[in-house]
Amino acid sequence: METATLSTTTKKGLSPVYIIGALFFVFGFVTWLNSVLIPYLKIACQLNNFESYLVAFAFYIAYLVMAIPSAWALKATGFKNGMSLGLLIMGVGALIFIPAALTRIYGLFLTGLFVQGTGLAILQTASNPYITILGPLESAAKRISIMGICNKVAGSLAPIILGAVTLKGADLIQKKLLTLSFSDKQAELSALAHRVILPYIVILVVLIILAVLIYFSTLPEIDTNAEKDIAGQGTARQTSILQFPHLLLGVVTLFLYVGAEVMAGDSVISYGASQGIPLSTAKFFTTCTLICMIAGYIVGIISIPKYFTQAAALKVSAFIGVVFSLCAIFTSGYASVFFIALLGIANSLMWPALWPLAIGGLGRFTKIGSSLLIMGIAGGALIPLLYGFIVDRLVVAGYLKSAAATAGYWILVPCYIMIAYYAIAGYKLKPKTN
């Protein structure tokens, strides 16, 4: 079933798929910078584990707070102009990093991250429906997988690029800080904080250029009025989005999936450091996780729906997630870090499979359904924060830092079990009628 149509007043120019692919590249680059910002700000602002994971919280909580306002903004601006607006808002977030670095005020860093997340909420709300309707619904997972490769290629580059600037010599700096006087220590930390200024100036400039290019592009508008025309196609007896249990459970499942994905990508550098691995080496671990995700996306592009369905892909992914999580928990050192990186394979096909399963059959409720699913991205805010809280509490209770960091990954197991349930039965729940 189609949920909307593209405007017929399209112009010749760059294919919409390429434009959306460029946006997904931006999503990935900005999003996965957090994996470096967490250990970097932990040093620069002298934070504990819980405080450092506020980086992920501030970024991803914007999806929960701003998803519905994003839908309102897109209704006022249209999807195409809304994308330009989202990019400009992200630029404001990057700009905030400059005074944050100059003052070394952690709250300002978090504010910048929240603003960036707000811009991304608008972009995600617009771009995901685009890529879903640019072809048959049954092959939506394949198209989203292609977008995922754009996203994760950028994400694999981001920590290497930012890490080369911000984490250069970080291990020596941490040792040096232990021997410095208070004033010298503050000077050293300020110099470290200033490292982030130039990268974010570059990001600001790129975002502004992309916003202008999108505004003047030939990207067609989504005709949301078409949703009214299909009101009788399977949704005439529903009057509220709350009557679609498969969507509501899908939001919860996507919440847990994003939390698990962010845990695997954003925590792995800090986790490697907790296992005694130098930051100069650990800064590459997020890239390893994302390379695993890219491999999974390629499998999805080749196999869905030719060899297996989206639901089957979700079942297998959830099973792999449980297995690799347990392997990470019951090993240590490089082996444990390796299994966390391998979670990229488990996580790769979850978004491509979950989104079309959850949004299927919504008809005229597709727009609000998309907004609710975007709100589910807030799982990336809360689950990593819970991980940091658990690790800190275990350290206080007497656990070694390495053992506490490993034990914290137990929270991944129920997340993947819930995802498996949705793949087996949850997405089959029938809409309720009046």
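These questions and answers walk through a predicted model, from the whole chain down to single residues.

The model's local features need pLDDT of at least 70 and its side-chain atom pairs count only at pLDDT 80 or more, while totals for chains, interfaces and linings use all residues. Residues are numbered from 1 along each chain as its sequence is written, and side-chain values use heavy atoms, with hydrogens and water left out.

User: How many helices and strands are there in the chain?
Analyst: Both are DSSP runs, numbered from the N terminus: helices are H or I with at least four residues, strands are E with at least two. The chain has 22 helices and two strands.

User: What percentage of the 434 residues count as buried?
Analyst: Buried means under 20% relative accessible area, exposed over 50%, and partly exposed in between, with a 1.4 Å probe and protein chains only. Of the 434 residues, the buried share is 59%.

User: Among contacts between residues at least 6 apart in sequence, what percentage join residues at least 24 apart?
Analyst: A contact means heavy atoms within 4.5 Å. Of the contacts between residues at least 6 apart, those joining residues at least 24 apart make up 86%.

User: Are H5 and H10 roughly parallel or roughly antiparallel?
Analyst: Axes are lines fitted to C-alpha atoms over the stretch in contact, and angles run from 0 to 180 degrees between N-to-C directions. The axes of H5 (residues 79-103) and H10 (residues 197-215) come within 8 Å and cross at roughly 165°. Angles under 35 degrees count as roughly parallel, over 145 as roughly antiparallel, 65 to 115 as roughly perpendicular and the rest as oblique. So H5 and H10 are roughly antiparallel.

User: How many residues of the contact of H5 with H10 are nonpolar?
Analyst: Ala, Val, Leu, Ile, Met, Phe, Trp, Tyr, Cys and Pro count as nonpolar, Asp, Glu, Lys and Arg as charged, and the others, Gly among them, as polar. The contact holds one charged residue and three polar ones; the nonpolar ones number 20.

User: Is Trp 355 buried or exposed?
Analyst: Trp 355 sits in helix H18 (residues 350-359). Its relative accessibility is 0%, so Trp 355 counts as buried.

User: How far apart in space are Trp 355 and Val 251?
Analyst: In sequence, 104 residues separate Trp 355 and Val 251. From C-alpha to C-alpha, the distance is 9.2 Å.

User: Which loop holds Arg 104?
Analyst: Most residues other than glycine have a negative phi. Arg 104 is not a glycine, yet has a positive phi of about 55°. Its loop is the one between H5 and helix H6 (106-133).
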